[in-house]
Every structure is written in structure tokens, then in C-alpha cells.
Amino acid sequence: MLANYIKIAIKVLARRKFFTFISLFGISFTLLVLMVATAMIDNVFAPRAPESKFDRVIGVYRIGLHGEHFNSTSNPGYRFVKEYVLGLPGAEATSVFSGSSALAMYHDNRKVETHLRRTDGAYWQILDFDFVEGGPLTESDNANANFVAVMTDDMRTKLYGRGSAALGKTFEVDGQRFRVIGVVRAVPITREVGFSEIWVPIRTMKTREYERQMMGSFGGIVLARKRSDFDALRREFALRTSRFVFEDKTFDRLSAGLDTRLEFAARATLGSQFKGNRALVFRGILAGLALLFMLLPTMNLVSINLSRIMERASEIGVRKAFGASSRALIGQFIVENVVLTVIGGLIGFVLSVAVLSALSRMQLIPYAIFDINLRIFFYGLLIAVFFGLVSGVYPAWRMSRIQAVNALRGGAL
Amino acid sequence: MIRLDNVNKVYRTERVETLALENINLDVAPGEFVSVMGPSGCGKSTLLNLIGLLDAPSSGNLALDGAAVAKWNDGKLAQFRNEKLGFVFQSFHLVPDLKVVDNVEIPLLYRKTNGTPRRKLAQAALDRVGLASRIHHFPTQLSGGQQQRVAIARAIVGKPRILLADEPTGNLDSAMGDEIMDILHDLNKNDGTTIVMVTHDDRFARRTDRIVRLFDGRQVA
């Protein structure tokens, strides 16, 4: 029966080309937009190199100081990360690093724009960069304030030309000269912790002023042994921060949390004051927006399907007359819609692959590679089936309620 | 085979109540070929729709094959229509998206007959109405007479005990009408199919065993 429904569905779709085109266009275009959006979100949040361990990483990316009259929010300073994040009991590793700052350098009388990040040694154990030359910065490089650097392959090309090796070569940035000890593959800017073009040890900074700052331009991350350790690590962090000393008496309350990247986005969207599971609510908001977006083509399909009922009244009457029960008719109509949406889904996937690969090639987001992974494929499939069911159920129910005698007469349905 | 006792059918709208059939009593024996005649709007098609379980009486009793149908649910009605009834309509009602053979297979689909035997039965039914060579055509590629023969093949493919034909020759010229009547007589005589046929044409009605006449929803003969 199912095979026959599918056969009939394909025949109906092939014969009604205009209807099929409109429906497929709606489904595939909506899916395309959703897949591209999902791929972008995935590119920011999903664990992938060099942040492939980030399903086990939580970090402090923003902190806030609050008082009766003033509020101050910024990235944590080095001192805050050192005192409250580094060495957190139970963690596999902890790291402190500066934000990636844009600056200009001069090399061979050329101005070269770049991004520079300062890190400790642990940063290179938590993140897994793909080295094409040399190796990472070490804790001893940081402790001894060695003027050594890691750069991306793209930066190497900018400084030394295509195909040249960089190891052992030097360059000057921010008035300091560094020696290259490693070259990694470029990282997209969407990777908040991993992105930069040049990395150097923190302690090579010109002054030690940063060591006294609670708020500044640093971040701290904690690599847990397993995700289930997050709660214990957060409790430990809360215990530490409960002893926070407010040197500036304007403030009497601190807001800071160890967040995953998604939780951090949720905190930024919903605010620190939001109680409850921010990440869950944030996911809910994203899913709600996606559903809202899908509602348009779904309503369109429902409407097209309802008008098709008039067109197919005679067929419905005939099928009822020859023994189709309401259930069988609902089944047939739903199968027709699922077939349509699955075809639309497949077209949407093909389009998505083409568009995402074009986006990757265009380098709208430098170094970002957008591809459809299995997880997104699964979401896409789910969306297609959702389309099929939602747009099929109501028209099918309406259709099944048509009196055969009315349908055959072609009268009011 | 078919029994109606004091059957009434009333159509109600918000303002008007129309009595389409009034106090109909009818008994059709197994293997009988009955024609129903009367002027337009006298209730002929309504009567056929009630017998075909496509509509329900407002009051009175209807029994088919010895069973009262009043309390049957949608599933049971569908099953009975599928196994015991066949329909031929004046305007053929073939599904334009499906080939001739797929149209004929429709009743067998709801019997869950498998693909190969289903195709064989459909081909045999088409052969019987002289259309074995047109199985892969679409309905719109056929003449009116051929379309009606496809509709008859569809009606008989499941070997129903009762065939209900609503003006089967109404849209055809007299020669094609004769052809259709020959097929119906063949089914009645050789297969013992009970046939109730609505017609306007006296010539065709006279070829049946009995004529039931309706006027303004009442049985007058």
C-alpha cells in the first residue's frame, strides 16, 4: 500500500508541474536558508579544530561589577583569571589568554594588518591547532618571557611570501621583535578563543600593569576531564568568587560565570540576571525562530493543498466509492506530502551544499569553512518531515471528511 | 440482495428543507437488473447513492446482502463498498493523473491485493471491456465510450455482487450506449451481478428486468 501511495504521489507531482514547482521552491528555499543559518551557528558553537575539545571547556569571557549607582562590564583582567580560574581544583587544565587585538605591523617597508593574541602555555594544550611548521608556545616560553611566536600559514605568506618557510625567522610587531617557532593552519574569526594570526607569550608584554587588573581584555578557560564535572567546577569557581574583594567601593556585587560558548551567547542575549537554564532557553529561542520561519512555507503548502482538494474532489469521491476509508485517504495524502517535502529537502540539501561551498570560497568570514555535517543533515531531515506532516495533516483531515457523494457531484466540500 | 423499508432522505440547509426521497420501499433480488427512471430531480441518483452507501438515509431501513447497514462505521462501510459494490458514473470519474490500468486497479488497492495479481486482474477486466490495448494510456487520450468502458472495468475488477450505474450512457451517443448496455447485460447474465441502473432512456430501461419509476421523491411504479 505504502509503495503504491509513493508511486501515486510521484505520478501526481509529475503531472502537476506548476504546483510541484511552487511547493518544491518553497520547501527547498526555506531549507536552504535554515541550513545556511545552522551551518553558521555550527561554525561558531560546535566543537571543531582548534576548539575540538570545547565540549569539555567552560570559560570566563565577561565579568560584571555592580553597585547601587554604577555597573561595569568587560572582559576579565589577567588578575581575575589568575586568582579565580587558574588551577581550579578538579580541572584537567586551565588557561589565561588575551583577546585577539587588531593591529598594524611593518615588514620590509610594507604595512601588514594582523591580529595578535597573548597566551600562556596551557592554551596550547587545550586547543588543538594544526601545525604545518614547528610547535606551540610552552609554559617555559611564557615564564621566561621568550620573544617567540606562532603564526598562521596565511600570515606566513603575507610576511615571507608564498611557499616560504617561517621557522626561525623574525618579525617586529608592536615595537617588539619575535622569532617564529610554529606555523598553524588559519582559524576562522568566528572561533572566539582560537582565532588570531599571531600568538606570543603573555609575559612579553611591555609592562606588568596587566597583572594588577581585575577587569581588562583577558579570558580564562577550564578544560574539564568530562562534561559531568562542569557543576563541580562551577561550584568551586563560585566558592572562589564569593571571596572577591571589592577594591573599588562603588561596587558591591560581582557577576561572573563559567560558561560554555553557547551559554556565553545565551548570557549575552538574556543577561546575567536571568535565572534558570540560559542555554536551554537560548536554544528554545533559536528553535522558536526556526519554527516561525518554517511556518510561512508550511502555511503556503497547507493553502495549496486545500485548494487542491477542490481540484481532486472527483478522485476523492471515486476512492471513497471504491473502498477507501478516511484513514486510508489521510495516509495517502500525508504520504504525498512527505514525498514532496523529502524531494524538496533533497533539493534543499544540494542547494545548501552548493551555497555553503560558495560562501566558503568567497571567504566572507576569513578562513571559515561551512559544510553540512551529519548533525545538520539530521536537522534538515527532521525539518523536511515536519513540513510534510504539518502541511499534510490538516488538508488530509479536511479531505477525509468530504462526503463521497458531494465530492463526486463536485459541489460544496 | 437490496432492501429498502420506508426510506426517507431529507436535505437540510439553514433555510430550506428538501424531501429528496419519501417512503421508498424496494426489494431487489440477487441477479436482478433493475432500472430507475424519472424526471430530473426526482431522487434517482439520491436513491442510488443510498444503496451505494455514499450517503445515509434520514430515516427508514436499508439492508444490503441481508445486513442492516445503519450502524456501520466508516471502516465497515468502506470495506463493504470495496468488496460488494461497484460504481459506474455518468461522467466516468476517472483519475486523470493515473494511467488506464492504474485507474482500474484502484478498488484492489484497498483490498491490499499485491502488485502482480493486481495488474493481472486489471488487465483481465480491461480485456473484458475490449480495452486491453489501451492500458498505458491516460484517460484524456480516450474517447467518451472508451472512458466509460474503463470505468466499467474499474467497477467489475473486484467482482462485486452489486453494480450501481448512474446514467452510464448519459454522456454517450446511442451506438456507444448500446455497447455499454451489452457489457452490463453480459455481467448480469453471465456473472449474476445484481445491477441497479439509473437512466433517462426508455430504450435501455426496457432491456432490464424491471423498471422502478420515481416522481418528486416518491415511488410511482
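Two strands are taken to pair if DSSP finds at least two bridges between them. Helices (H or I, at least four residues) and strands (E, at least two) are DSSP runs, numbered from the N terminus. This is a predicted model, in which local features need pLDDT of at least 70, side-chain atom pairs count only at pLDDT 80 or more, and totals for chains, interfaces and linings use all residues. Residues are numbered from 1 along each chain as its sequence is written, while chains are lettered from A and ligands numbered from 1 in the order in which they are written.

**Strand pairing in chain A**

- A:Asn75 stands opposite A:Gly216 in strand 12 of chain A; strand 3 (residues 71–76) and strand 12 of chain A run antiparallel and are joined by 2 bridges.
- In chain A, an open sheet of 4 strands has the order 12-3-2-14, with antiparallel pairing.
- Strand 12 (215–216) and strand 14 (253–256) of chain A are at the edges with a single partner strand each, so one side of each has no neighbour in the sheet.

**Strand pairing in chain B**

- Strand 1 (residues 2–12) and strand 4 (residues 59–64) of chain B run antiparallel and are joined by 5 bridges; B:Arg3 stands opposite B:Ala63 in strand 4.
- Strand 4 of chain B is also joined by 2 bridges to strand 5 (residues 67–68) of chain B, again antiparallel, and B:Ala63 has B:Ala68 as its bridge partner in strand 5.
- The hairpin of strands 4 and 5 of chain B has 2 residues between the strands, and B:Asp65 in this hairpin takes a positive phi near 55 degrees.

**Helix packing in chain A**

- Helix 1 (residues 2–15) and helix 11 (residues 326–362) of chain A pack at an angle of about 60 degrees, with their axes 9 Å apart. Axes are lines fitted to C-alpha atoms, for helices over the stretch in contact, and angles run from 0 to 180 degrees between N-to-C directions.
- That angle makes helix 1 of chain A oblique to helix 11 of chain A; angles under 35 degrees count as roughly parallel, over 145 as roughly antiparallel, 65 to 115 as roughly perpendicular and the rest as oblique.
- Among the residues of helix 1 of chain A that meet helix 11 of chain A are A:Leu2, A:Tyr5 and A:Leu13, and the helix 11 side includes A:Val335 and A:Leu340. Contact requires C-beta atoms, placed from the backbone, to lie within 7 Å.
- The residues of this contact divide into 11 nonpolar, 2 polar and 1 charged. Ala, Val, Leu, Ile, Met, Phe, Trp, Tyr, Cys and Pro count as nonpolar, Asp, Glu, Lys and Arg as charged, and the others, Gly among them, as polar.

**Contact between the chains**

- In chain B, 21 residues are in contact with 21 residues of chain A.
- Helix 2 (74–84) and helix 3 (100–109) of chain B are the elements that give two or more residues to the side touching chain A, and helix 2 of chain B supplies the largest share, 6 residues.
- This side of chain B has 10 nonpolar, 6 polar and 5 charged residues.

**Backbone in the loops of chain A**

- The peptide bond from A:Ala49 to A:Pro50 is cis, with omega near 5 degrees; A:Pro50 is in the loop between helix 2 (17–45) and strand 1 (57–60) of chain A.
- A:Asn109 has a positive phi, near 60 degrees, and is found in the loop between strand 5 (101–107) and strand 6 (110–119) of chain A.

Technical notes
Two residues are in contact if their C-beta atoms, placed from the backbone, lie within 7 Å.
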